[in-house]
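Hello,

Here is the structure I promised to pass on. Please look through it first; my notes follow below.

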Amino acid sequence: MFYRESGVFKTSYAADMALMPLPNTRWAVAALGVLFIVIAPLACDEYTLSVLNLILIAVVGAIGLNILVGYTDQVSIGHGAFMSVGAYTAAHLITQLHAPFWIAVPAGGLMAALIGALVGIPSLRIKGLYLAIATLAAQLIIEWTINHVSWVSGGTQASIQVGPPSVFGTELTSAWQMYLFLMFFVILAIVGTQNLIRSRIGRAFIAIRDQDIAAEIIGINIFRYKLWAFAISSFYAGVTGVLYTYYLGIANYEQFQLDVSISFLAMVIIGGLGSTLGPIFGAIFVTLLPIVTRRVLESVGGLFFAASDLSAVIPSLRLAIFGGLIIFFLVMEPEGLNRLWRNVRNYFRTWPFSY
Amino acid sequence: MPELDLNFTLLLISSGLMIGLMYALIALGFVLVYKATDAINFAQGEFVMFAAIMAAAALGANLPFWLAAAIALGGMIAFCFGLERVVLRKLLGRPVISVIMATIGLASLIRGVATLVFGAGVRAINLPISDEPLFLGPVMLPPVQLVGAGVSLVFLAGFTWFFLKTRMGVAMRAVADNQTVSMGMGINVQRYFALAWALTGVVSALGGVIWGAMLGVDNQLPLVGLKVFPVVILGGLDSIIGAVVGGLIVGVVEALAAGYLDPLVGGGTKDFAPYVLMILVLMIRPYGIFGRRRIERV
């Protein structure tokens, strides 16, 4: 029933480049597809689905950031701001022009890509720390601009209300409809990234990451590809922003502040840089962390803290655990959750004859 | 546009200069670590808050001021030694984003633990000086700022002397310049890495007491740390004199922006103007005014 590899028998380039080279992978992907697309929306209650929706949105953003940080090795602490660019672009399109989602989502992405590429321009001259600080500046400047320029922010409280997206004339109001809507974009993001990384552009990204000088010598236009990385990554961020806006029903710059940039960076690092599964694991982990922390504390926290303190304790404990985990992963397992998964997979790949 | 009033401008510039010196003190902590170990500390603001909380807690227990300051100082030195040993030593030779992320994680860890242990309320640090502002002609000088600026000046001069004249300072400069050659010359590089972090602890403790006295100690205090980046980029990442000049520029720019631009655009330019200035510097002269020019053509 299950095929096992016993060697490399590929005879054509097409087979070598196949997205899913092993039949096992195809079975696994099909099973996961059925589980997440058919069973999950039927079996889960409203609350679980809303948590799953949050995870799906985070997955899109984390995959996008991974293109920049994991594959091209450029740092960005400004992704939260790029998300807000996408969110506000889409919100204006939706409220003023009544744009449907299939215009609003790509438009938000494209606007974010434009801004992201602009921010990426200094990456020609500066790298590492300087780039980190430049993107940090971009984050703060974009935040300030949205907050203070009223034709961007849409007036009061800098927030714009947005109705639910409608697909084929049906308004997506319930959690499971939203779930399938978001799942569509997650699958697009995963497949798109897989194909991007195997293409000429993706190979150029990886070459720049591994040795930028050597990449330039073999004829890769570094400046152009760094800008591409920024633009593509910001496109994903913009789409994430639009999806957040649809999910929350409101575009608000407070949803996209510096801590959002940082938690997306944390997803990519905790999950594992430079892999497709890594950011998915990271997004799940970082999204669930505050929810699980709150759940655990609400049930057993009463043993350690007075009930009145508990509401104050939870956010600070969440911060502390979040920071501690980032440091822990960096020191103990720099390749992240993806590495742990690969260890498990490689063990079972040859099990029970692992010699 | 508000009328250009000479007295008002003088007031803004003088307070900007004093705030700038205090920024320089915090930026110095960043520069010390970057110079010696090439590590980037995104948690500088949290270091300052941590020190301020320790001092405030000690003062809250009715300890005399000098003892509270000493506790903050000792606590920060111990903390930084430990940090270097447990976390940063393991990250040597890793890509730059690892260290950035580690300090970002550290920032959130400190913020979380500090509010867990000491509570989230605002505490005060009362310096043993009067609150009466001094008047120098038309210019009003709050004593807190004056003391802060004075302490900053003394320590900035002290560190300059340390790096130029003492054996340890020269060794630290050697480590910053070339680690391999320093090892060859018999300098214990690891020890000087630890020393650099400890010096950052000293600077952060001072900054914590001063900034805590000026702004009050709560979880808004780390926002001061965000000002470090414009300061060090302006001045040059590896230059002490650059930290001072950058601090002064940022202080004055910020005060002028708050005085003249805020009424026009409705607030917030204080935090915004230094970053615009910084972006300009990054575009034109990324190594800053006094930084060492490293040629990297990719």
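**Around A55(B)**

Beyond its neighbours within four places in sequence, A55(B) is in contact with A68(B), A69(B), I71(B), A72(B), I125(B), G208(B), V209(B) and G212(B). Two residues are in contact if their C-beta atoms, placed from the backbone, lie within 7 Å.

Before the rest, the ground rules. This is a predicted model, so local features need pLDDT of at least 70, side-chain atom pairs count only at pLDDT 80 or more, and totals for chains, interfaces and linings use all residues. Residues are numbered from 1 along each chain as its sequence is written, while chains are lettered from A and ligands numbered from 1 in the order in which they are written.

A55(B) is among the residues with the most contacts inside the largest nonpolar core, as are A24(B), A27(B), L28(B), A51(B), A52(B) and V209(B). That core has 207 residues. A nonpolar core is a set of buried Ala, Val, Leu, Ile, Met, Phe, Trp, Tyr and Cys residues joined through C-beta atoms within 7 Å. Helix α1 (residues 6-37) of chain B gives the most to this core, with 16 residues. Helices (H or I, at least four residues) and strands (E, at least two) are DSSP runs, numbered from the N terminus.

Helix α3 of chain B covers residues 65-86, 22 residues in total. From first C-alpha to last, α3(B) reaches 31 Å, close to the 32 Å expected at 1.5 Å a residue. The expected span is 1.5 Å times one less than the number of residues. Buried residues of α3(B) include A68(B), A69(B), A72(B), L73(B), M76(B) and F79(B). A residue is buried if 20 or more other C-beta atoms lie within 10 Å of its own, exposed if 12 or fewer, and partly exposed in between, with C-beta atoms placed from the backbone. The buried residues of α3(B) pack against α2 (44-60) and α8 (189-215) of chain B.

**Confidence**

Chain B averages a pLDDT of 82, and 92% of the residues score at least 70. pLDDT is the predictor's confidence in each residue, from 0 to 100. In chain B the highest mean is in α3(B), at 88, and the lowest is in strand β1 (residues 134-136), at 69. For the complex, the predictor gives an ipTM of 0.81 and a pTM of 0.86.

**Interface**

39 residues of chain A are in contact with 38 residues of chain B. On the chain A side, α6 (129-148), α10 (212-217), α12 (258-271) and α14 (307-332) each give two or more residues. α14(A) gives the most, with 13 residues.

**Chain A**

Chain A has 15 helices and 4 strands. Its C-alpha atoms fill a box of roughly 65 × 55 × 45 Å along the principal axes. Buried residues make up 44% of the 355 residues in chain A.

A175(A) sits in helix α8 (residues 175-198) of chain A. A175(A) counts as partly exposed because it has 19 C-beta neighbours inside 10 Å. The C-alpha atoms of A175(A) and N53(A) are separated by 8.0 Å, with the residues 122 apart along the chain.

D73(A) lies between α3 (46-71) and α4 (79-97) of chain A. H98(A) lies between α4 and α5 (101-120) of chain A. D73(A) is buried, with 22 other C-beta atoms within 10 Å. H98(A) is exposed, with 10.

Best wishes
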